[in-house]
Amino acid sequence: MSEVLLEMKGVSVKFGGLTALSDIDYSITSRSLACIIGPNGAGKSTFLNVLTGTLRPSIGSVAFRGRDIGGLALHRISRLGIARKFQIPSVFPSLSVAENMDVARWGAAREPDETDVLEMVGLSARRDVKAADLSHGEKQWLEIGMAIAASPKLLLLDEPTAGMTSQETQATAALLHRLKRHTAIIAVEHDISFVRALDTDTLVLHQGRLFRRGPFSEIEADEAVRDVYLGRR
Amino acid sequence: MKHRGRLVALAAGTCVLSIYPAFADEYHLTVLRDALLFGLFAVSLDFFWGSTGILSFGHATFFGLGGYVMTLVTMTSGLPAPSVLGLFAAVGAPAALAAIVGYFLLFGGVRGSFFTIVTLALSVIAQQLVISWSSVTGGDTGLLGVPPLALGGYEISGAMATYIVVAVTLIVVLLALRALEQSRWGKILIAIGDNEVRAAALGHNAPARLTLTFVISAAVAGFAGGLYVAIAGVVAPDLIGLLLSTEVIVWVAIGGRGTLLGPVVGAVLVQRAQQEISSMNPSLWPLILGCTFVIIVFVAPDGVMSIAERSRMLLRRRSA
Amino acid sequence: MEAAVTTLLNALTLIGILSLVGLGLTISFGLMNVTNLAHGEFLTVGAYAVYFTQSFGGSYWLGLVTAPLAAAIVGCALEWLILRHLYEKPIAAILATWGASLVIQQSLELVFGLGGKPVLPPVQGALDLSVAAYPAYRILLICIAAIALGLVLVLVRRTSFGLDIRTVIQNRTMAEAVGINTRRVYAIAFAFGAGVAGLAGALVSPLTTVLPQMGVGYLANAFFVVIVGGAGSVAGLIAGSTFIGGLTSVLNYQMSPSLVQAIVLLVAILIVRVRPNGLLSTAGALR
């Protein structure tokens, strides 16, 4: 039985005269995997910032398990069970891989047991390496690992495969499918091959509006979506 | 490896401190004792600056406040155990001030240069207040005759006794702060220093942790100030002013920021140099201090001890 | 009535001085993102320049011209020798400029000797303003400061160099892309700010005794002007000066100067808490 985990109602965000998001209704149930796509400037980052509460919507509300989270302090949002992986890998360079994971676990409201997350993301051999010395791809994995470490209820991923090889991209898609048994996941992505590999509920943003929503196969076949991507609309 | 190295250094330092009285006369013992007290003060600054990366440019405010509070409490007649009460106040008052400053600045998102400037102003103001409020503080000349430490009717005075108190206190504080830095607390602080937004996104309350670190740092500074005035017997505005605030930065920078032990070494060495230079020409010291600031920044940004470490690594690489 | 007018004129004097001193800080702090703790010394150098000129029989007016030049030269040297290498290292810049500040102070003491130096004002006596009599020199000071600030505004808003500065403030990479030599803009802007602080030093010199340490007192206040007003804009600078200068003058009428300093600091901290980007900022919705 899956409950509604997160619900956006009539959300608009304006920066001065610029409308970044307009009138968005969206919800996601627990243990599901959704993907958000859209051309540059479509409002994907704003969408994610609203979801994480970093940005309070100008109009409308965002509720996480029935509780309004608009404008809550970052660490409080995190303690509710929303984890976020940033676009630019932002691991803690001065700490080792294992210490990075520790800091992630310690932040959770109820501290989870040490799990084999490092194993899952393929970094168990690099435990004692300083995060600063990891390769770009490894940093991305560590990021994802840190996001899972606190066993969140909702995991938000901002371009999780940026800078990865196509092999790593496929592996990441498989990893997310495994993870959705434990947590709901929303991924914002640019790379269509990754979205295709995910093959899941997909949301298309265009000019700040919710343009289409449906399974990827439908979205991919949609002429209007293609037009958006090719800049014909 | 690095951690073990520091523990060895601390053990070596303890040995030096315990042997020193056997070779030194009373005068040199008191000189080292005073230097160590300022070393304790330097440790307090390093605990905050080293672990958070935020520079307090007015740390003497806390040292001096501890000193003045200690003076006022111990000079009030009729109190039971005045030294103990005084030291509690010398710790409590700066801690409370730091909590207020931290609440307004650190919770307000003030970081980096802004924090540095506000704390600098804090030190300027504190000194002015102390000078102008002469009925209580003794104004420009300060107050003479601060009673020595007393515990249960036994007075701790004399070079040897005070030296031992200072040395033991210093070692205990160093060990405690080191343990704190290596605990979960310290790791999270490093994470906050690396990337505060990320740490907050993981559920850590960064402003609260930074403020508490600042409070602990101020409490240690105040404790050092309280001990200092009781042992020196005087309190004066230069204990709270901008010049001391900046000198302590030099001690920490020379000894190596974030090493805790380094600042003690820095404090002892720099004060030794200061005495030598001032005895030749008193107005030369600020000039040399100023040059030192500039030189550190360009030559040894990680402290003088790091030069030793670097050259050792270089040697090892060559021999390998 | 008399007290009100006197307080108002006192406030204007202070606001004028603070704006001139703060200008260089808003340039270095807002434009270049470096904290220059040696900024107070530009004011000191300006004051000494007037003293030096007068000690050779030169007039105050000659001093008023040499002061900004002397301070600008010192500023150039500081930028070239130290700051230029530390733009990416904020804490290093703080330490190095503090060191430079000590060196400048002590050099002034070595060259000119211990103790305060007197500077004679160009005009003596008081001006009768019908409701109150006010020192003529102070009124002159207010006028000169106002003219200087007006010229700065014209320079920033109407000249191509001002345009360069504003471009660099808004987007350094962009400015470089359109061919602005940002290094040169930085250096000139920095020296310009130093020169204006030197002018402020010349203006205050007849009001106090000229001492090597006189700049430090202005440093803290000028920083608060910039922080309270919001770094990087002339309007913010004037707003901050008006706030700090006004509050100080009003309170000075009732209590001791050091208590006033403390209160002004506390209020400034409160403002920083409520409006971290300065009084004039409109950003408040973004967390």
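Residues 12–32 of chain C first. The end C-alpha atoms of that span lie 29 Å apart. The span is 95% helix and 0% strand. Keep in mind that this is a predicted model. Residues 12–32 come from a UniProt list, an unreviewed entry, under "transmembrane region". For chain C, that record also gives 60–83, 95–116, 136–156, 185–204, 216–238 and 250–272. Take residues 185–204 of chain C. Their end C-alpha atoms lie 29 Å apart, and the span is 100% helix and 0% strand.

Now helix α3 of chain C, residues 60–81. α3(C) bends by about 25° at C:T66. A proline, C:P68, follows within four residues. C:P68 is also among the buried residues of α3(C). Others on that list include C:G63, C:L64, C:A67, C:G75 and C:E79. What do the buried residues of α3(C) pack against? Three helices of chain C: α2 (39–55), α4 (90–112) and α8 (182–204).

Next, the contact between chains C and B. 31 residues of chain C are in contact with 35 residues of chain B. On the chain C side, α4, α9 (214–229) and α11 (257–274) each supply at least two residues. Which helix gives the largest share of that side? α4(C), with 15 residues. Recall that α4 of chain C also packs against the buried residues of α3(C).

Over to chain B. The mean pLDDT is 87, and 94% of the residues reach 70 or more. Confidence in chain B is highest in helix α10, residues 206–232, at 95. Confidence is lowest in helix α14, residues 304–319, at a mean of 67. Where pLDDT is low, the predicted coordinates should not be read in detail.

UniProt, again from an unreviewed entry, places "transmembrane region" at several spans of chain B, including 114–136, 156–177 and 248–270. For residues 114–136 of chain B, the end C-alpha atoms lie 32 Å apart, with 96% helix and 0% strand. For residues 248–270 of chain B, the end C-alpha atoms lie 10 Å apart, with 78% helix and 0% strand.

Stay in chain B for B:L174. This residue sits in helix α7, residues 159–182. Is B:L174 buried or exposed? Buried, because 21 C-beta neighbours lie inside 10 Å, and the cut-off for buried is 20 or more. Leaving out residues up to four places away in sequence, B:L174 touches B:L10, B:V43, B:L260 and B:L261. Along the chain, B:L174 and B:A159 are 15 residues apart in sequence. In space they are 22 Å apart, C-alpha to C-alpha.

One backbone point in chain B. B:A81 has a positive phi of about 45°, although it is not a glycine. Most residues other than glycine have a negative phi. B:A81 lies in the loop between α3 (60–75) and α4 (82–105) of chain B. B:A81 counts as partly exposed, because it has 13 C-beta neighbours inside 10 Å.

Last, chain A and its sheet. Four strands form an open sheet in the order β2-β1-β4-β5, with antiparallel pairing. β2 and β5 (67–68) stand at the edges with a single partner strand each, so one side of each has no neighbour in the sheet.

Now strand by strand. β1, residues 4–15 of chain A, pairs with β2(A) over eight bridges. In that pair, A:V11 stands opposite A:I24. β1(A) and β2(A) form a hairpin with two residues between them. A:G16 in the turn has a positive phi of about 60°. β1(A) also pairs with β4(A), antiparallel, over five bridges. There, A:S12 has A:I59 as its bridge partner. β4, residues 59–64 of chain A, joins β5(A) through two bridges. A:F64 stands opposite A:R67 in β5(A).

One more positive phi, in chain A. A:R31 has a phi near 55° and is not a glycine. A:R31 lies in the loop between β2 (18–29) and β3 (33–37) of chain A. A:R31 is partly exposed, with 16 other C-beta atoms within 10 Å.

Key:
Residues are numbered from 1 along each chain as its sequence is written. Chains are lettered from A and ligands numbered from 1 in the order in which they are written. This is a predicted model: local features need pLDDT of at least 70, side-chain atom pairs count only at pLDDT 80 or more; totals for chains, interfaces and linings use all residues. A residue is buried if 20 or more other C-beta atoms lie within 10 Å of its own, exposed if 12 or fewer, and partly exposed in between; C-beta atoms are placed from the backbone. UniProt positions are given in the numbering used here, feature names are shortened, and annotations may be inferred rather than shown by experiment. Two strands pair if DSSP finds at least two bridges between them. pLDDT is the predictor's confidence in each residue, from 0 to 100. The bend at a residue is the angle between axes fitted to the seven residues ending there and the seven starting there. Two residues are in contact if their C-beta atoms, placed from the backbone, lie within 7 Å.
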